[in-house]
Amino acid sequence: MTAAAVAEKPKAIVARELTRKFGEFVAVDHITFDVAAGEVFGFLGANGAGKTTAIKMLIGLLAPTGGEARVAGFDVATQTEAIRRNIGYMSQRFSLYEDLTVNENISLYGGIYGLSDKQIAERGERMRKSLDLPNELVGRLPLGWKQKLAFSVALLHEPQIVFLDEPTGGVDPITRRQFWEMIYAAAARGTTVFVTTHYMDEAEYCDRISIMVDGRIAALGTPAELKQQWNVRSVDDVFVRLARPAAVEEGKE
Amino acid sequence: MRPAVEVASVVKRFDEVTALNDVSFTADHGELFGIVGPDGAGKTTLFRILTTLIVPDAGSGSVLGLDVVRDLWQIRSRVGYMPGRFSLYPDLSVIENLEFFASVFGTTVEKGYELIAPVYRQIEPFRDRRADALSGGMKQKLALSCALVHRPDILFLDEPTTGVDAVSRREFWDQLAVLKKSGLTIVVSTPYMDEAIRCDRVALLQAGRILDVDRPAAISERYPLPLLAATGGDRHRMLATLRAFPNAHAVFPFGESLHYTDRRADAEPNAIVAELTAYLHQHGHPDANVRLIAADIEDSFMHLMMEAAPSDIAGAT
């Protein structure tokens, strides 16, 4: 998706000069970007670049100290309840209850999201079928299956946007790819996907990516555009060129 | 001389889970040896056995010629171990952590300084900062320095780069290359397939079993089927188109391209390129480009995974 194509589409996320300071430290420094509805948007950056702080603001967990952002049409500073009802979130570390069964987890999250018993039953059934999951204690499932289940649960209430924070860390290479096929399928149904990863090959799967360096967005575009702009062969090479200066003089995060 | 590490038919169970299932390999002195596999493969269990923290249920292991069950005290004084979770004391400063680890082994920071210098110099300006106030990359350097300060003969690093960004990962491997030059034997585990090529040899570990052990290039060269890369056009749609091709063995997204493995081991590769190009052009991918490629370690890992336990891979074709 080129910048021109994004400009024409409805927006899932609009950030303008979004800023977060902690005392003197500027964790997120006037970032401006749009994410189009239905887009798979990769949000990259070195450790300590400000990604987590930015995500916390976008999902309404942390108030900005400057600028503004709208997510699913709602203001992140004043309409946090509406944002949480309209987004899904899956964190890097597994977010389901290990000592509950698959069905119990689905019921619990369905209830939290305010779904009716009928909706929970129908969507739960569909989910179990498509994942081909036994109704085991979640703690007994292999990691790859847990991550697929966590992704499906994050989509249970059919949010407009889903935020995925390093969803494939430590997952085997086949399951990692199957996970990305689930991402594509969700995007094809119109869900906007906002994803972070340390696997640079996964960055190539995104429609567009941004790379944060020291609280700012240092690069933004399609993987092909960025590679062309920096005249390198992979997103990994773009990342290293941009993030290197920040990494060298790192003192704290 | 016996190898630096010898593992023979090791089995380890935790309740009904078999964490290690008949694992065997050797690592030579001075080698940078990688254990490559995802979470749950058994990497940490293997490291705990080799560092004498737990004992195997069956099979045997030796480190520096010493038995991992019988000679545990001798082994412990001669290995450096950096566990997956950082083992630093958060409320001690950088230098206090280092002094503590040196004193446990009855030595001093001064005596170990030459060995740790390539790593430690980068954090030395922050020697009085508390460990919990360091960035992730600096904590990692301090943990490595602490594992090295008693001048071990062999270093075990359990997932030192997990959760670390791509730049810091590269730098960490550069440091390991420097340490290796000093003659140190290094055994390191990682879930990142792309790090395998930084090792002299690797053991690919999946679900408690060794898939293969060799130089990374040698493993890749053994890829048994024609492998092609396809680019151009809507990748997600092309994935489905390629999977519908009658001779497709496996199709996976791979960075900016799709990797296609043909089931016909003996077919002329260039003929497959021509055939597949024509097929894609006819099926709605007029811009498709297909070329023959050499497998890398991740292609090989996935192939070996499918061979070892096809039923474990839900939905893979």
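Helices here are DSSP runs of H or I with at least four residues, and strands are runs of E with at least two. By that count, chain B has 10 helices and 14 strands. Keep in mind that this is a predicted model.

Start with chain B overall. Its C-alpha atoms fill a box of roughly 70 × 45 × 35 Å along the principal axes. Of its 317 residues, 45% are buried. Now the contacts with a separation of 6 or more. In chain B, 69% of them join residues 24 or more positions apart.

Next, one helix: α5 of chain B, residues 136-148. At 1.5 Å a residue, its 13 residues should span 18 Å, and the end C-alpha atoms are 19 Å apart.

Is α5(B) enclosed or open? Take buried to mean 20 or more other C-beta atoms within 10 Å of a residue's own. On that cut-off 11 of the 13 residues are buried, so α5(B) is largely enclosed by the rest of the structure. Among the buried ones are B:Gly137, B:Met138, B:Gln140 and B:Lys141. B:Leu142, B:Ser145 and B:Cys146 are also on that list.

Those last three come up again. As for geometry, α3(B) covers residues 94-104, and its axis lies 8 Å from that of α5(B), at an angle of about 25 degrees. Angles under 35 degrees count as roughly parallel, so α3(B) is roughly parallel to α5(B). The crossing is right-handed.

Helix α4(A), residues 102-112, meets helix α5(A), residues 117-131. Their axes come within 10 Å and cross at roughly 135 degrees. That makes this pair oblique. The crossing of α4(A) and α5(A) is right-handed. On α4(A), the contact uses A:Val102, A:Asn103, A:Ile106, A:Ser107 and A:Gly110. On α5(A), it uses A:Gln119, A:Ile120, A:Gly124, A:Met127 and A:Arg128. By type, that is four nonpolar, five polar and one charged.

Last, the interface. How many residues does each chain give to the contact? Chain B gives 32 and chain A gives 32. On the chain B side, the elements giving two or more residues are α5, α6 (166-181), β12 (248-254) and α10 (297-308). So our enclosed helix, α5(B), is also on the list of elements that touch chain A. The chain B side divides into 16 nonpolar, 11 polar and five charged residues.

Definitions and conventions: Residues numbered from 1 in each chain as written. Chains lettered and ligands numbered in written order. Predicted model: local features only at pLDDT ≥ 70, side-chain atom pairs only at ≥ 80, totals over all residues. Expected span 1.5 Å × (residues − 1). Buried ≥ 20, exposed ≤ 12 C-beta atoms within 10 Å, placed from the backbone. Axes fitted to C-alpha atoms, helices over the stretch in contact; angles between N-to-C directions. Parallel < 35°, antiparallel > 145°, perpendicular 65-115°, else oblique. Left-handed = near helix turned anticlockwise from the far one by under 90°. Contact = placed C-beta atoms within 7 Å. Nonpolar A, V, L, I, M, F, W, Y, C, P; charged D, E, K, R; others polar.
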